[in-house]
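Let's go through some of the labels used for this model and check what stands behind them.

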Amino acid sequence: MFGEGLLTGMGVTWKHFWGKKETFCYPEEKLPMTERFRGGHLMFDHTKCVACTLCSLACPNQAIKLKIVPDAMKKRHIESYVHLVGRCLYCNLCIEACNFHALSWDKNYAISTWHKEEMDDELVTAEGKEFFNEMMEKAKAEAEAKAKAEADKQKNEGGDA
Amino acid sequence: MPQTETYTLSMGPQHPSTHGVLQVRLDLDGETILKATPYMGYLHRGIEKLLESRTYVQGVPYTDRLDYVSSMNNNLGYCRAVEELAQIEVPERAEYIRVIVAELNRIASHLVFIGSLAIDLGASTGMLYAFRDREKVLDLFDLVCGARMTFHYIRVGGVSADLPPEFAAKCDEFLKVLPEFMQEYEDILTGNEIFQYRLKGTSRMTKEQALSHNMTGPNIRAVGIPFDIRKVDGYGVYPKLAFDVPVGENGDNWDRYRVRYLEIYESAKLVRQALDGLPEGDFMAKFPKALRPPKGEVYSRTEGTRGELGFYIVSDGGPKPYRVHIRRPSFINLQGLDDMCRGMLIGDSVAAFSAIDPLMGEVDC
Ligand code: SF4
Ligand code: SF4
């Protein structure tokens, strides 16, 4: 009979009309993100990073801009870690490249911005900045102490001779 | 005596039923199509050149962006080509995981086909059902690799991570509900008389025509040629798994729909077997991080969701490919559009695009 198929189809719709809802009210309700979810902003742990630049080298789209400063002891530190979110492919290669687990995703997927400039994300926090200054100071003090010790040693050696 | 002349209608690129940014110029005589010429290139991003300026490993996420509805299959195609070039042996477990995710992705992609075919023919409810069920597959992928669209899960040498422990149960659940929702499509779409009228007997193609355009994938199987690279080349662990290749009889839009519909069942069969036979072992091969394949060239093909997906890579021994060319099935299948549209009505052209199932990300590359 013509129309039988149409009616069967409508029957399916009718059944679902009374059935369980497939949708939910975003943004009032939100789903939890999975453990491996890649998205949102990168999170950077300044205490773990050794400034090896592997993450930035692994990035296929040059989305990571690092500013690395050597301290007085010739050890390298990260002064600024900029994640260019607009260039990011969310490929996870940077996170996998880091041997010290200094990087992770914050999983906050709602990251749209009004302006392009706001997309560049500085990952070194105020706390990280403080840590950086502290390390620099410490290295400076260490270097000075070392220089002093060396000078003293030389003086002593000179005295001996 | 009134004078008549042919009329040219430009369909797209901003048209909801052209699956992205495809422009088709239709030469019309009244409502009958005399010639349909696809104009492409609106989505060109130069992916081949991007791959040439990245290392082999860095190139994989770009292949996600070719056919973005079935990224797993693109990852697989590219990785297999690089592995062949660099002679990397992939662990057995990784091969099985690859089959699972690639076939799940084929299911997801065919669901998008069913959904978009439905909405192109005016059945918007049909689309909602198909997209609802595709979410189930995407949820699985989200568990596996943390993304729903650009997966970057299959890597050179294996896969990026082992399957999570809860995956097997979730996948099993999905395979159990699959026949239920497939039956719903039978009821809501396949049996629908309007749907049948729009598809049966329209855009019929002969075997010779399909071959002369070098069509592959479901489009060639719909005309009755059982050409499936998983069977023909038997790459990976496919020869160990049992599955059939559904073929059509008449080569019309209806057969194109039926072939894909039945392929979903075949893919589900493959996922079930791979899941049951999943061996223990590594999921990643061991190879040097700075990959430098020896000088040479390779053409490696896999059965993508839309047909023969081939990667031609030339290596000059350096860390980056010297040349990459991608044989994109959507691009080549689209060449058959003219033959499919001639003599049909304007409304049928929409069914024809939909039945070819081109994806503009892949057409323009
Ligand atoms: S996720 Fe990929 S593209 Fe984004 S910053 Fe990391 S390596 Fe670069
Ligand atoms: S790879 Fe890790 S340790 Fe090295 S610079 Fe990047 S974040 Fe720091």
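Q: In this predicted model, how do the axes of helix H2 (residues 56-63) of chain B and helix H3 (residues 71-86) of chain B lie to each other?
A: They come within 8 Å and cross at roughly 160 degrees, with axes fitted to C-alpha atoms over the stretch in contact and angles running from 0 to 180 degrees between N-to-C directions. Helices here are DSSP runs of H or I with at least four residues, strands are E runs of at least two, and both are numbered from the N terminus.

Q: What makes H2(B) roughly antiparallel to H3(B)?
A: The crossing angle is roughly 160 degrees, and angles over 145 count as roughly antiparallel, so the label applies.

Q: Which residues make the contact of H2(B) with H3(B)?
A: With contact meaning heavy atoms within 4.5 Å, Tyr56(B), Gly59(B), Val60(B) and Thr63(B) in H2(B) meet Asn74(B), Asn75(B), Tyr78(B), Cys79(B), Val82(B) and Leu85(B) in H3(B). By class that gives six nonpolar, four polar and no charged residues; Ala, Val, Leu, Ile, Met, Phe, Trp, Tyr, Cys and Pro count as nonpolar, Asp, Glu, Lys and Arg as charged, and the others, Gly among them, as polar.

Q: How does the radius of gyration of chain A compare with that of a compact globule?
A: Chain A has 28 Å, while a compact globule of 161 residues would be near 15 Å, by the rule of 2.2 Å times the number of residues to the power 0.38, over C-alpha atoms. Its C-alpha trace spans about 120 × 30 × 30 Å along the principal axes.

Q: How many helices and strands are there in chain A?
A: Four helices and five strands, running α-β-α-β-β-α-β-β-α from the N terminus on.

Residues are numbered from 1 along each chain as its sequence is written, and chains are lettered from A and ligands numbered from 1 in the order in which they are written. Local features need pLDDT of at least 70, side-chain atom pairs count only at pLDDT 80 or more, totals for chains, interfaces and linings use all residues, and side-chain values use heavy atoms, leaving out hydrogens and water.

Notes:
Angles under 35 degrees count as roughly parallel, over 145 as roughly antiparallel, 65 to 115 as roughly perpendicular and the rest as oblique.
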